[in-house]
Amino acid sequence: MKNINDKNKCAGENDMRCYSFDGGLRPLSETPENAAENLLVIMSPVEAKDAAFFGNTRPPVISPHDSQLCWQKNEPNAILGQVRTPARANRTTVRFTFAWTQSRIVAVDYDGALCGLVEQLAESHARFSGSADGFFVDLLMALVEDDLMYIQQLETRVMNLEQAVLSNDTARFIDHMSVLRRELHRNNRYYAQLSEFAMSLQENDGGCVSGHSVKRLGYFLRKISALREETQMLREYASQVSGEYQAQVDIAQNRIMKLLTIVTTVFLPLSLIVGWYGMNFSNMPELDWAYGYPAVIVMSILVVLGCIAFFKRRHFW
């Protein structure tokens, strides 16, 4: 599948696009009648405000504060829903809402990315896009077509972070790992919601999905399940790498504390000597001895060297 950014966007423009499902997905040059069947209509949010919707079906409006990525609900005569993919480095977010009757789909494209996906399906002569339900399953498949490659890229990023930890190159480890873990969490939530979305379609309460499309939804669910398992494994892998980083930090801190302890222990006898000769006694024989001061210097040096030799022999140094 080509990158959807390569296609022309239609969000925010007065460029309603209509497609027919008769004989496969094909674009229509003219807007059909309101009662037309086997029809896909894609419009921008600007057009959706004043458009006369086909069959009086009105797609829901995406709220800027809505944290839910995918959902759908069954109305008496239609299925209403929303699909929103998480933002990724290799493609823009796909955001659209839809109202789906048995033979017609009216969609509002919020970023223009849906137009690109539909154009790709039309150009590739998608095998099952000769009906509304077949097209919708093809569209869901297209949304996750490149996701396994994307997950492999995430795995490479985790492996690079692990190698950086082993090489003690952890200058910006926390920043990179935080971004990566948020990305993994966002994708895991997306696959969970997309799975619920597909299972609700599979129940076919509104009678919009044929038996063959129900089977294909089963395959789609298995694919989503596999992608979610891969994402969860990556989350565990990222947690293990974070544990390795914390272990490296603990080891470095232990080395510093060990060095400080050794230095303190080496100079502790010198503190005793200073305290000893700092006592206010005038009759100490060493004070009147001509070699008293050099003797104290030599004794201090011997004490320090003796402590160092002791720690090296015990492999503490």
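Reply: The model is predicted, so local features need pLDDT of at least 70 and side-chain atom pairs pLDDT 80 or more, while totals for chains, interfaces and linings use all residues. Residues are numbered from 1 along each chain, and side-chain values use heavy atoms, without hydrogens and water.

Me: Which residues in H3 and H6 meet?

Reply: From H3 come Asp133, Gly134, Val137, Asp138, Leu140 and Met141. They meet Ser213, Arg216, Leu217, Tyr219 and Phe220 of H6. Contact means heavy atoms within 4.5 Å.

Me: What makes the pair of Phe21 and Phe135 tilted?

Reply: Rings of Phe, Tyr and Trp (its six-membered ring) pair if their centres lie within 6.5 Å; planes under 30 degrees apart are stacked, over 60 edge-to-face and the rest tilted. The whole structure has 8 aromatic pairs. In this one the ring centres are 5.6 Å apart and the planes stand at 40°, so the pair of Phe21 and Phe135 is tilted. Phe21 sits in the loop between strand E1 (17–20) and strand E2 (26–28), and Phe135 in helix H3 (residues 132–143), so the pair ties together parts 114 residues apart in sequence.

Me: How do you know whether Phe21 is buried or exposed?

Reply: Buried means under 20% relative accessible area, exposed over 50%, partly exposed in between (1.4 Å probe, protein chains only). Phe21 has 0%, so it is buried. Phe135 has 2%, so it is also buried.

Me: What makes the pair of Phe98 and Phe197 edge-to-face?

Reply: Their planes are 80° apart, with 6.1 Å from centre to centre. Phe98 lies in strand E6 (residues 95–100) and Phe197 in helix H5 (residues 173–203), 99 residues apart. Phe98 is buried at 0% relative accessibility, and Phe197 is buried at 2%. Ring pairs link Phe98 and Phe197 with Phe96, Trp100 and Phe136 into a cluster.

Me: Which residues have the most contacts inside the largest nonpolar core?

Reply: A nonpolar core is a set of buried Ala, Val, Leu, Ile, Met, Phe, Trp, Tyr and Cys residues joined through side-chain atoms within 4.5 Å. The largest has 60 residues, and those with the most contacts inside it are Leu25, Leu40, Phe98, Trp100, Ile105, Phe135 and Leu140. Beyond four places in sequence, Leu40 is in contact with residues including Phe21, Leu25, Ile105 and Phe135.

Me: How do you know whether Arg84 is buried or exposed?

Reply: Arg84 has 18% relative accessibility, so it counts as buried. Arg84 belongs to strand E5 (residues 79–84). Among the residues it touches beyond four places in sequence are Asp66, Thr93 and Tyr190.

Technical notes
Helices (H or I, at least four residues) and strands (E, at least two) are DSSP runs, numbered from the N terminus.
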